[in-house]
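Keep the structure open as you read.

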Amino acid sequence: MSGDSHLPKALQGLRIPAVASPLFIISVPALVIAQCKAGIIGSFPALNAREGEGEHPLLDTWLTEIREELDRHNQENPDTPAAPFAVNQIVHRSNTRLERDIELCHKHKVPIWITSLGARVEVNDAAHDCGGIALHDIINNKFAKKAIEKGADGLIAVAAGAGGHAGPQSPLALISEIREWFDGPLLLSGSIGTGASLLAAQAMGADLGYIGTPFIATEEANAVQGYKDMIVDSGADDIVYSSLFTGVSGNYLKGSISNAGMDPDNLPEGDVKTMDFGDDREKPKAWKTIWGSGQGIGAVKDVLPTAELVNRIEREYIAAWERLQGRMK
Ligand SMILES: Cc1cc2nc3c(=O)[nH]c(=O)nc-3n(C[C@H](O)[C@H](O)[C@H](O)COP(=O)(O)O)c2cc1C
């Protein structure tokens, strides 16, 4: 991609302006490697590498595997090198592994660090110390300013309609408020399911799109077939915004809530105090049965290999650009 020279090196040269976002449980090395080989930034939450006591850290093994596989790809395909990868750190007091995971990411010189649920100077310092950049996800302008004050290099604006813990604000409002004072790397998260939506994110002022849910319906995703099929069969009407399951408001597939015996249209409020990212937490069960999804799934018609999904988004991105240029003549 040309026209990206204002961005840090790690975000330049992508095939399309996109980061595949980290997905709890779902993003595993096979998916990350496929995303990077397809030419977009792949990512995973460090906590996905779940570990039993006394074992060699699985995160260490995953980081070695991703690095080796991408290096091999780059040697064999010097004209189409893989994009860099990112690791997501959940910076929440219940994440008891944070310090250890930061050390491992520092050791492996992770090029892009994505922080969620808390902006901390020492995490950004660790990223910079090993030559990486730090992107922090936020849901409003106030948190965006705080993140930059604490040393993040860029922002991920998580707008209404995003999968997982979505914000309540319109992407148009959020991006334009941030762009009044911030000219650094800005990513938009929420319902980007097509190449046209990706172009729209850039038109409104974002540098890159942050795409999550469509990657659940890929062959490489660590999700059960029923989850993948429900993404394919559902649309925006089938998503409900609720704080019940983690204490923080997020978007979920109504069908998974009905399957768990609850009425998705009459859910009680959740309690933020119940949020827990400890390694022994019960929460994965909630994510395993109650399935997160953004609203932008109307465009997901099949479970595809990741490379084919990225091909589709690229085709649509180019077509949308040509259509717009035609209208501007
Ligand atoms: C099932 C699921 C799990 C998620 N897990 C995480 C996570 O562990 N860490 C994180 O920062 N974001 C997480 N997210 C949010 C995504 O990174 C991203 O903001 C969102 O998926 C983008 O919106 P979209 O799904 O509409 O594309 C998750 C989203 C979903 C759908």
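**Helices and a ligand site**

Begin with helix H1 (residues 29–37) and H2, whose axes come within 10 Å and cross at roughly 30°. Angles under 35 degrees count as roughly parallel, and H1 and H2 are therefore roughly parallel to each other. Their crossing is right-handed. On the H1 side, the contact is made by Pro-29, Val-32, Ile-33, Cys-36 and Lys-37, while H2 contributes Trp-62, Glu-65, Ile-66, Glu-69, Leu-70 and His-73. Sorted by class, the residues of this contact are seven nonpolar, one polar and three charged. Bear in mind that the model you are looking at is predicted.

Now follow H2 (residues 58–76) to its other partner here, helix H3 (residues 98–107): the two pack at an angle of about 25°, with their axes 10 Å apart. H2 and H3 are therefore roughly parallel to each other, and H2 passes H3 in a right-handed crossing. Here Leu-59, Asp-60 and Leu-63 of H2 meet Arg-100, Asp-101, Leu-104, Cys-105 and Lys-107 of H3. This contact has four nonpolar and four charged residues, with no polar ones.

Finally, turn to the ligand. Which residues are the closest to it? They are Asn-88, Ser-116, Ser-191, Gly-212 and Thr-213, out of 26 residues that surround the ligand. Several side chains place an N or O atom by a ligand oxygen atom: for Thr-213 the distance is 2.5 Å, for Ser-116 it is 2.7 Å, and for Ser-21 it is 3.2 Å.

Note on methods
Residues numbered from 1 in each chain as written. Predicted model: local features only at pLDDT ≥ 70, side-chain atom pairs only at ≥ 80, totals over all residues. Heavy atoms only, no water. Axes fitted to C-alpha atoms, helices over the stretch in contact; angles between N-to-C directions. Helix = DSSP H or I, 4+ residues; strand = E, 2+ residues; numbered from the N terminus. Parallel < 35°, antiparallel > 145°, perpendicular 65-115°, else oblique. Left-handed = near helix turned anticlockwise from the far one by under 90°. Contact = heavy atoms within 4.5 Å. Nonpolar A, V, L, I, M, F, W, Y, C, P; charged D, E, K, R; others polar. Near = heavy atom within 4 Å. Polar contact = N/O pair within 3.5 Å; in protein donor to acceptor, adjacent residues only side chain to side chain.
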